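The sequence and the model are shown first.

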Amino acid sequence: MALNVFDHDEYRPPVWKSYLYQLQQEAPHPRRLTCTCEVDNRPKYYGREYHGMISREEADQLLSQAEGSYLIRESQRQPGTYTLALRFGNQTRNFRLYHDGKHFVGEKRFESIHDLVTDGLITLYIETKAAEYIAKMTINPIYEHVGYTTLNQEPTLKKHLTHSPEAPDGPAPAKDDCNAEERLTSLVRRATLRESDLAPKYEKVHNFKVHTFRGPHWCEYCANFMWGLIAQGVKCADCGLNVHKQCSKVVPNDCQPDLRHVKKVYSCDLTTLVKAHNTKRPMVVDMCIQEIEARGLQSEGLYRISGFSELIEDVKMAFDRDGEKADISSNAYEDINIITGALKLYFRELPIPLITYDAYPRFIETGKITDPDKRLESLHEALKLLPPAHCESLRYLMAHLKRVTEYEKDNLMSSENLGIVFGPTLMRAPELDAMTALNDIRYQRLVVETLITNEDVLF
């Protein structure tokens, strides 16, 4: 259960660790060893640190004078390839050096050799001095003490601003008072905000991306300093959580997307969208279905007939711009086929389909079962593979399509017809060859048709 810091005496973690920050300050500084003579065929992206084709022994002798000294040499064993020779720990270390517009020896890419060496020395120093400490730093994470809460109660945040603990490991960077809230990390926001009792309890993994932090930053999982010159850690693109790369592997799947990071409705991950807006289902699904049921159930060819593509794009832009305030009434769009088209477009543009890639094979296998009872049983099990937000949205859609079939005499849309329309819309083959994908179309239709016909039993 998440601990709210204001339910008790002001909460502070056992120790705000400054050890790694101090080590970064102590790390050896880079010392470029320049070549005093002209070297033929020096690559244009290297400077005077390039010494040409010299041996490991020669490089070792040249670098032996000072810790942190470095040079670049061409490999004698593999001409045309280059090695960064770096003095660290009283020995010379050799790294295969690459350039593709930026310099790199591993995952990180740098604008200059100097930056690469600076970052390398910091990493080598910290990982040498604090190897045991780093291995254990996720054992007692601060994250477990402050919990994880939504970001939709800004008044609560403002109310408790004066109680916020100081940033760990040193003073916060000086800024205007008006920017005080912007300086608060999402860690502090999580510590000051209660989770809404109305929020759907959907589990969502974090969408971590490698990130370069400007100025000192501390991991919001273990509270340790994030060392290095660039790409010191990862940042969740949906909620803004900042953590070490190694900590990201153990962070709970409890991402609470922040609307400041989720800037659109269409083409947004479904679970991300509903958690960001604190809804059970995407507002597009709810609003479009409500509008269709209010004025379109008797429309001939409902969902089969396409509306004007330009107007469908207008609806999409309205949702992306205005969210739940988008106007999709008959005053704005008289043709109901524009609304059905916008709903189908939403499902087509989901980065992960409503019936997910992971669950797709199981659903297709279900479609191949000829015995009706066994197919239902298999489909019931397949539905358990869907993420909760996907399953809830599918349930709501199928109940709606069931109501559409109740007006079949007017709209001429049977469950089979709707299966033909929605099969490829809700299910997309995960990188199958063209022939297999083509063969799957009939099974996609059967799956959707069965879901519509038996929605009251399956959900």
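## Basis of the model

The model is predicted, so local features need pLDDT of at least 70, side-chain atom pairs count only at pLDDT 80 or more, and totals for chains, interfaces and linings use all residues. Residues are numbered from 1 along each chain as its sequence is written, and side-chain values use heavy atoms, with hydrogens and water left out.

## The chain as a whole

The secondary structure of the chain consists of 20 helices and eight strands. Helices (H or I, at least four residues) and strands (E, at least two) are DSSP runs, numbered from the N terminus.

Of the 459 residues, 48% count as buried. Buried means under 20% relative accessible area, exposed means over 50%, and partly exposed lies in between, with a 1.4 Å probe and protein chains only. The chain exposes about 23,700 Å², of which carbon and sulfur atoms supply 49%; accessible areas come from the Shrake-Rupley method with a 1.4 Å probe, and for residues only the protein chains shown count as cover. Among contacts between residues at least 6 apart in sequence, 65% join residues at least 24 apart, where contact means heavy atoms within 4.5 Å.

## Helices packing against α16

Helix α11 (residues 283–295) packs against helix α16 (residues 388–405) at an angle of about 10 degrees, with the axes 11 Å apart. This angle makes α11 roughly parallel to α16. Axes are lines fitted to C-alpha atoms, for helices over the stretch in contact, and angles run from 0 to 180 degrees between N-to-C directions. Angles under 35 degrees count as roughly parallel, over 145 as roughly antiparallel, 65 to 115 as roughly perpendicular and the rest as oblique. On the α11 side, Val285, Asp286, Ile289, Gln290, Ile292 and Glu293 take part, and they meet Tyr396, Leu397, His400 and Arg403 of α16. By class, this contact of α11 with α16 has five nonpolar, two polar and three charged residues. Ala, Val, Leu, Ile, Met, Phe, Trp, Tyr, Cys and Pro count as nonpolar, Asp, Glu, Lys and Arg as charged, and the others, Gly among them, as polar.

Helix α10 (residues 270–277) also meets α16: the two axes come within 8 Å and cross at roughly 90 degrees. The helices α10 and α16 are therefore roughly perpendicular to each other. Leu270, Thr271 and Val274 of α10 form the contact with Ala389, His390 and Ser393 of α16. The contact of α10 with α16 has three nonpolar, three polar and no charged residues.

## Two lysines

Lysine 204 lies in the loop between α8 (186–192) and β6 (208–211). Because its relative accessibility is 6%, lysine 204 counts as buried. Its side chain is joined to that of aspartate 238 by a polar contact of 2.9 Å. A polar contact is a pair of N or O atoms within 3.5 Å; within protein, one must be able to donate a hydrogen and the other to accept it, and residues adjacent in sequence count only if both atoms are side-chain atoms. Leaving out residues up to four places away in sequence, lysine 204 touches several others, including Asp254, Asp269 and Thr271.

Lysine 235 lies in strand β7 and is partly exposed, with a relative accessible area of 23%. The side chains of lysine 235 and asparagine 242 make a polar contact (3.2 Å). Lysine 235 and valine 210 are 25 residues apart in sequence, yet 6.4 Å apart in space, C-alpha to C-alpha.

## Residues in loops

Methionine 226 is found in the loop between β6 and β7 (233–236) and is buried, with a relative accessible area of 3%. From methionine 226 to histidine 244 there are 18 residues in sequence and 6.5 Å in space, C-alpha to C-alpha. Serine 414 sits in the loop between α17 (408–411) and α18 (415–426), and counts as buried at 14% relative accessibility. Apart from neighbours within four places in sequence, serine 414 is in contact with Thr405 and Glu408.

Asparagine 90, in the loop between β3 (82–88) and β4 (91–99), has a phi near 60 degrees, a positive value in a residue other than glycine. At 66% relative accessibility, asparagine 90 counts as exposed. Serine 267, in the loop between α9 (245–248) and α10, has a positive phi near 65 degrees. Serine 267 is partly exposed, with a relative accessible area of 29%.
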